[in-house]
Amino acid sequence: MKESIKYYYTNLLSDAIGNNGVPLKEIYSYEKIAAQYKKEIKSEHATGNLKFIDLPFEKKYSKDCYEYAKKRINRYDNFVVLGIGGSALGNIALLTALQHPYYNLLSKKERKGLPRIFILDNIDPDQIGSFLDVIDVKKTLFNVISKSGETAETMSQFLIFYDQLKKQTHNYKNHLVITTDANKGFLRKIIEKEKIDSFIVPDGIGGRFSVLTPVGLLSSAFANINLNELLRGAKSIVDIFFKNTFKTNPIILNSLFHYHYFKNLGKDISVMMSYSYRLKDLTDWYRQLWAESLGKRYALSGKEIFTGQTPIKALGVTDQHSQVQLYTEGPNNKIFTILQVQKWDKTVKIPKVFKDIEGLSYLGGSTLNNLMMYERIGTEYAFALASRPTCKIIFPKVNEFTVGQFIMFYELQTLFTGKLLNINPFDQPGVEAGKKATYALMRRKGYENVLDDIKSILTKTRDYVI
């Protein structure tokens, strides 16, 4: 097995950071309840629930995506994902982590014939209108992703590009592939009526848990990302979760640390800080997973609890110059996760120039690799000095295997933390009010009563200043 990611929790402990840390025995005191929840998860999985856990073992989706991409990869200059939230963030994270950081700026020859990949995860008119200025739809394959087939943002994008394709191409169907529910929804009806190529979002898989389905795998196949290694990495974490004992189970331990700091020590913010450009969008993916899964008004019992830990993303070294001041001297209400890479793909030397200027000469002869490493160590030191609890995920190298591990690590951690909080980590009722308001304002039938309520509320809030 390739070298795995590693989880370090030393700087969460009171031995390392003093009274703001946690004695390890307090985490170990959860062993009995952890065993109970692990048993429940195993039972729920065995009865056909928790289908996201099965994805690393499912070869059909990756095989189908590979075969589809192989037949079409040279036909198009561009592959465009139309999606939002869980239908986009995983795609972005995989592309950033596993392809050239400036992939779309490479020539087609440098990309070895692969299309450029664009992921449009917003409906900002300036963004979409400007994209229409620069994209040649005749050379583009559009992947429309929506489980329900009625996501307003994605469907509006679809209608815009569908219209352009019908106007500009002889066979618009050759420029569309739709990823949606296998049996129901508006997109499925369109697929059946117009005979458009399609992939499925499997039943029982929510958007934020769908990156290892065709939702995330299809665009990755067009970018020549090794899907088998991605799934193999995820599978290794499933094995660790179910087979490792309590004290050697990194997923459960990290979940317990975060839960304990949140519930007992007031750490209601979770900051994930990546010291790798390639991993920066995995922090974005994590942010949705943690926020949407755990931010809940009601417990499973129906009791009103208003729970959830706010996730924040940060990028080293960029955010040392924008956030670390707050993190070290501001409110002590955060738990930190550092993402570290041991080996980068490239080594960049710093030349020995201006040797007579002491403030510059110390840099010459070193590398950006060393500087990045020392900057990270400096931040870890600053956090420890300020008694700020910090754990660390170390990637021996950023590749498909380790990224697959990271994805499954945090999906399982989210599930386990949901157990600890006694909430449902798979729904998102708090999003529905905004969706219904949008439908009403866009004059969708059936939402007239919502429109009346919006008018009633907004007429009460007219105060303004100039």
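This is a predicted model: local features need pLDDT of at least 70, side-chain atom pairs count only at pLDDT 80 or more; totals for chains, interfaces and linings use all residues.
1. **Helices α4 and α10.** The crossing of α4 with α10 is right-handed. To see where they touch, find S62, C65 and Y66 on the α4 side and L227, N228 and L231 on the α10 side. Sorted by class, the residues of this contact are four nonpolar and two polar, with no charged ones.

2. **Helices α3 and α10.** Helix α10 also packs against helix α3 (residues 31–46): the two axes come within 10 Å and cross at roughly 125°. With that angle, α3 and α10 are oblique to each other. On α3, the residues in the contact are K38, I41, K42 and H45, and on α10 they are F241, F242 and K243. By class, this contact has three nonpolar residues, one polar residue and three charged residues.

3. **Helices α6 and α7.** Now turn to helix α6 (residues 125–134) and helix α7 (residues 152–168), which pack at an angle of about 20° with their axes 12 Å apart. Are they roughly parallel or roughly antiparallel? They are roughly parallel, because the angle is under 35 degrees. The crossing of α6 and α7 is right-handed. I128, F131 and L132 of α6 make the contact with Q157, I160, F161 and Q164 of α7. These residues divide into five nonpolar and two polar, and none is charged.

4. **Helix α9, an enclosed helix.** How many of the nine residues of helix α9 (residues 214–222) are buried? The count is nine of the nine, so the helix is largely enclosed by the rest of the structure. Among the buried residues you will find P214, G216, L218, S220 and F222. Following α9 comes N224, which has a positive phi, near 60°.

5. **The whole protein.** Stepping back, the protein contains 18 helices and twelve strands. Its radius of gyration is 24 Å, close to the 23 Å that the globule rule gives for 466 residues, so the protein is as compact as a globular protein of that length. The C-alpha trace spans about 65 × 65 × 60 Å along its principal axes. Of the 466 residues, 50% count as buried. Among contacts with a separation of 6 or more, 76% come from residues 24 or more positions apart.

6. **A16 in α1.** Residue A16 sits in helix α1 (residues 14–17). Its relative accessibility is 36%, so A16 counts as partly exposed. Setting aside neighbours within four places in sequence, A16 is in contact with T10 and N11. For a sense of distance, A16 and L289 are 273 residues apart along the chain, and their C-alpha atoms are separated by 29 Å.

7. **G430 in α17.** Residue G430 belongs to helix α17 (residues 429–441). With 71% relative accessibility, G430 counts as exposed. G430 and G295 are 135 residues apart in sequence, while their C-alpha atoms are 8.7 Å apart in space.

8. K112 is not a glycine, yet it has a positive phi of about 60°. You can find K112 in the loop between α5 (89–98) and β3 (116–120). Is K112 buried or exposed? K112 counts as exposed, at 74% relative accessibility. F354 is not a glycine either, and it has a positive phi of about 55°. F354 lies in the loop between β11 (334–343) and α14 (358–361). At 53% relative accessibility, F354 counts as exposed, because the cut-off is over 50%.

9. **A cis peptide bond.** Finally, check the peptide bond from G316 to V317: it is cis, with omega near 10°. V317 is placed in the loop between β10 (310–315) and α13 (324–329).

How values were computed. Residues are numbered from 1 along each chain as its sequence is written. Side-chain values use heavy atoms; hydrogens and water are left out. A crossing is left-handed if the near helix is turned anticlockwise from the far one by less than a right angle, and right-handed if clockwise. Helices (H or I, at least four residues) and strands (E, at least two) are DSSP runs, numbered from the N terminus. Contact means heavy atoms within 4.5 Å. Ala, Val, Leu, Ile, Met, Phe, Trp, Tyr, Cys and Pro count as nonpolar, Asp, Glu, Lys and Arg as charged, and the others, Gly among them, as polar. The radius of gyration is taken over C-alpha atoms; the globule rule is 2.2 Å times the number of residues to the power 0.38. Buried means under 20% relative accessible area, exposed over 50%, partly exposed in between (1.4 Å probe, protein chains only). Axes are lines fitted to C-alpha atoms, for helices over the stretch in contact, and angles run from 0 to 180 degrees between N-to-C directions. Angles under 35 degrees count as roughly parallel, over 145 as roughly antiparallel, 65 to 115 as roughly perpendicular and the rest as oblique.
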